[in-house]
Amino acid sequence: MNAETAYVFRHALLREAAYQVQLPGDRGRLHEAALFIVEEVLGGRAPEAPPLDCVDPPKFVSHATDAVAFEMAEHARIAMESGRPRTDRAELAGLRARYLLRGAVHFDRSCRVVESARAWRALAAEVEGAARIEALRRAGIALQFAGRSTDAEDLYGQSLAAARMDRARRAEGLVLGDLLALYRETGRAETAIRTGEQAVDLLRDSGDRRSEGLALGNLAGALADVDRSEESERLYAQALDLLRRAGDRRNEGVFLGGLACLYLDTGRMELAESNWVRGLEMVREARDRRFEGVALGNLALLYHRTGRVAEAARAFEEALVLHRETGNLRSEGIALGNQACLLLETGKVGEAERAYERALAVLREVGDRRFEGVARANLGVLYEETGRLEAAERAFGDALEIHREVRDRTWEGVSLGSLGGLYRRTGRAAQAESAFATALAIHREIRDALGEGTTLAGLAGLLFDTGRLDAAERTFGEALALQREVRDRLGEGITLGEQAGLFQAAGRFEEAERAYAEALAIHRELGNRRWEGAHLCDRARLRVATGRAVEARDDWARGAALLAELGDAALFEDKAAALRRACSIAGLEASEDLRD
């Protein structure tokens, strides 16, 4: 045993033994003395905090005792329980409540969410009326932040029951607003919306405009979750107006981020980015590390979708550091799932799969069904790209069940499009066309230009496969127009490469060469190794057809190496078979050399 470890262990035992030797009454007086000595050493008694039910409370003033306030509250409790305190019991009870509140606020500010919940619950046991209702509510918030949704919901239920019993309408509205956020996170979309509408009505009637703004912002997010985009945008505008009038810069920044999510989902990338940047500035100004992490994770997603790979990678890492620092388990799971997409597209398949598995474990733990469905759908893409087609089909099917359960129409459309692509790849043309058609109808209904562009590109490929070249060319053109409109560089690169194959089949070799060159430039810009490999192999066929065997051999060697490295054996075999056919048509006896 290490000497230092042995000393510490024995010291702890000796300390406990010495403590237990004291008679209970003596121990109580020692705790009582400790409470007053700590107060004296740390600058005197901490001031009373503002009442918990205050509508517009003054700024909470920190005190030197805050870091040890919870321990001071425990000194007061043990002194009271000893049976022989020198100080009046009512004074000790008041000090216990005072320091529990200050300790809870200190834990909140330090992002120590589990300790915060413990302190708020202890305070709820010491106080009555409005203070108890609010302490239970804040304990629920802390546990929700810790990812313990079931425990949080139980505390919200206790707070709500107490508010209704006391006919405290404003307090009832506050609790319902928190339940709205919890129901969103756990995939209960309709319940979230109904609860949010009740919260807004109660808070509006109470005259608490700031809290009304918070409830409106959360309700706007719930409406966006079920693709009621116009209503959502209108409520975000109302919420932001109320928060600006109340001077609440922190929550203005939070809901600018919520509005940015709506802009991202509806293809308005520039508006999304400007809102996230402004929102990030505001939460940093308020020193809110939790929502700084959320904003960085969302910006990382936008950077990824618009082709800024290095910026996306940095922002994901910064966000994950903050999520772990602040104990924000739910946002950590979401960020890991989004980061995994970037890792996959840049050829880091093993890292991507591990990130998806970790993301799914976290999201299941915190009960976030909506983002569990998203992560499962994206894991299906990884399975498909590594040739595990049966696992991919199961993952897409499981994801669809979740999307429909939580009424996530955006991702229902995405996963149907992914299934369509898998059906196309496995020769089930009729099923593929049906899946693409349903996905397109969803994306158009909810005005999801990004999803529509991706699905059109998949449909165009199917039309090409089944010999409908004119329709395929029109559809490729429509897909590219949408992808450029929403700055979907990833999708644009893939679609250009697939369109090049159509030009090649139609004998329009110069157009095919240009499209391949544009596609490959985008793939390299984004670090998209899988599609760079696939389209290098396809361009090798073009160069065989145009008599450039040396260039064809070079393209094939580089493309095949990339596909082999990524482990997509099925795609590699598809490309090899296509190259053999091209060599046969061209009458090249060197086809074996090309494939090697």
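Me: What makes Phe70 and Phe107 buried?
Reply: Phe70 is buried, and Phe107 is too; the word is used for under 20% relative accessible area, with over 50% called exposed and anything in between partly exposed (1.4 Å probe, protein chains only). By the way, this is a predicted model, where local features need pLDDT of at least 70, side-chain atom pairs count only at pLDDT 80 or more, and totals for chains, interfaces and linings use all residues. Residues are numbered from 1 along each chain as its sequence is written, and side-chain values use heavy atoms, leaving out hydrogens and water.

Me: Why is the pair Phe70 and Phe107 called tilted?
Reply: Rings of Phe, Tyr and Trp (its six-membered ring) pair if their centres lie within 6.5 Å; planes under 30 degrees apart are stacked, over 60 edge-to-face, and the rest tilted. Here the centres are 6.1 Å apart and the planes 55° apart, so the pair counts as tilted.

Me: Why is α8 called roughly parallel to α10?
Reply: Their axes (lines fitted to C-alpha atoms over the stretch in contact, with angles from 0 to 180 degrees between N-to-C directions) come within 10 Å and cross at roughly 25°. Angles under 35 degrees count as roughly parallel, over 145 as roughly antiparallel, 65 to 115 as roughly perpendicular and the rest as oblique, so α8 is roughly parallel to α10.

Note on methods:
Helices (H or I, at least four residues) and strands (E, at least two) are DSSP runs, numbered from the N terminus.
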